[in-house]
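Morning, everyone. Please take a look at the structure on the screen, and then I'll walk you through it.

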Amino acid sequence: MNEWDEASQYAQDVLDGKYDVCKTVKQSCKIHLDLLDDVRRGLHKGKFRYSERAVRHFIEFTEGTIRHFEGIESLIGTLIRWQPWQKYFFGNIYGWQAYDEDFNIWTWKHKEVYLEVPKKNGKSFMLSGIALYDARMVLPSGAKVYIIACDGGQVKNVFGPCCHFIRDDERLRETFAHVGTHIYYVDDRSSFIQALPKQKENADGKNVLTVIADELHAHTDDGQFYRRMRRGMSARPNRHIIAITTAGFDRFTFCKRHRDGLIPLLSEPEKDMGVFPLIYSVDEEDKENWKDERVWKKSNPNYGISKTPS
């Protein structure tokens, strides 16, 4: 592997057994490596490509600006260092690209992203890093990033860390200005991050670059808000909607139905739909052994780091 291709290295390590993970993560890693092998052999030429440079650019920006502000006391004030599984996640967001023949440009391959991982695995930091990067580093102007939730309290889980990161880093303070529910890029206010709870939304026609939906299982409107925001992205060839959730949902929610629709894609990668699901969960055969520490580790990729035994 290229020394910077840490996303693909994680996938290889998973398949080699270095990390004990659930079936859905193994399936995801196999899809990534199989497609990477195809691309490197010249298949899909002009259709798909994998840019290690794009992944490196995101990691360098976030690891160079984002600082811990809570949690382990010895880490507060230090720059964040992403874990291998997080780099794999970012690699699939920024590394994989598809060619848009209508606009003659390379775009993000995965227009829709779904991450399921238990609490205390660094989800909010990850989403905040994506928001800051997309608002500043992707477009020269007009980079509209929306953080959505069904209530104002929930939306602060991602917007709040963005504000902390800006206050704690000189480079970010010079780049962004926090004004109410917005974080503006200071050189061009057409690029911004907005906290958008459902009760204040008016999503149609927003010409969105990025939508971030935290705790999708808590969306109680049968997915109406999520779908409206997704429609508001259709004008842009390069765009993505990124949903992260815990496993805390019942079988009747939009989140559960959405998840159930994504699972088959992991066993049928030929049905490429521009969607990337990454699901850290418990395999069926492990459910009876939920008290076993090995099972905890399989479903909690940050176990022993941000996630510790209680």
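Start with R189: its charged end sits over the ring of Y184, 3.9 Å from the ring centre. "Over a ring" has a rule: NZ of Lys or CZ of Arg within 6 Å of the ring centre and within 35 degrees of the ring normal. K109 does this too, with its charged end over the ring of F48, 5.0 Å from the centre.

A word on where this comes from. This is a predicted model, where local features need pLDDT of at least 70 and side-chain atom pairs count only at pLDDT 80 or more, while totals for chains, interfaces and linings use all residues. Residues are numbered from 1 along each chain as its sequence is written, and side-chain values use heavy atoms, with hydrogens and water left out.

Next, rings with rings. How many aromatic pairs does a search of the whole structure find? It finds 21. Y99 and W106 have ring centres 5.2 Å apart and planes at 65°, so they are edge-to-face. The rule: rings of Phe, Tyr and Trp (its six-membered ring) pair if their centres lie within 6.5 Å; planes under 30 degrees apart are stacked, over 60 edge-to-face, the rest tilted. Y99 is partly exposed at 31% relative accessibility, and W106 is partly exposed at 28%. Buried means under 20% relative accessible area, exposed over 50%, partly exposed in between (1.4 Å probe, protein chains only).

Now F125 and F165. Their ring centres are 5.0 Å apart and their planes at 80°, so this pair is edge-to-face. F125 lies in α5 (123-137) and F165 in α6 (152-168), so the pair ties together parts 40 residues apart in sequence. Helices (H or I, at least four residues) and strands (E, at least two) are DSSP runs, numbered from the N terminus. F125 and F165 are both buried.

On to cysteines. How many disulfides are there? The count is zero, where a disulfide is a pair of cysteine sulfur atoms within 2.5 Å. C29 is buried, at 0% relative accessible area.

Last stop, helix α8, residues 224-231. Its buried residues are F225, Y226, R228 and M229.
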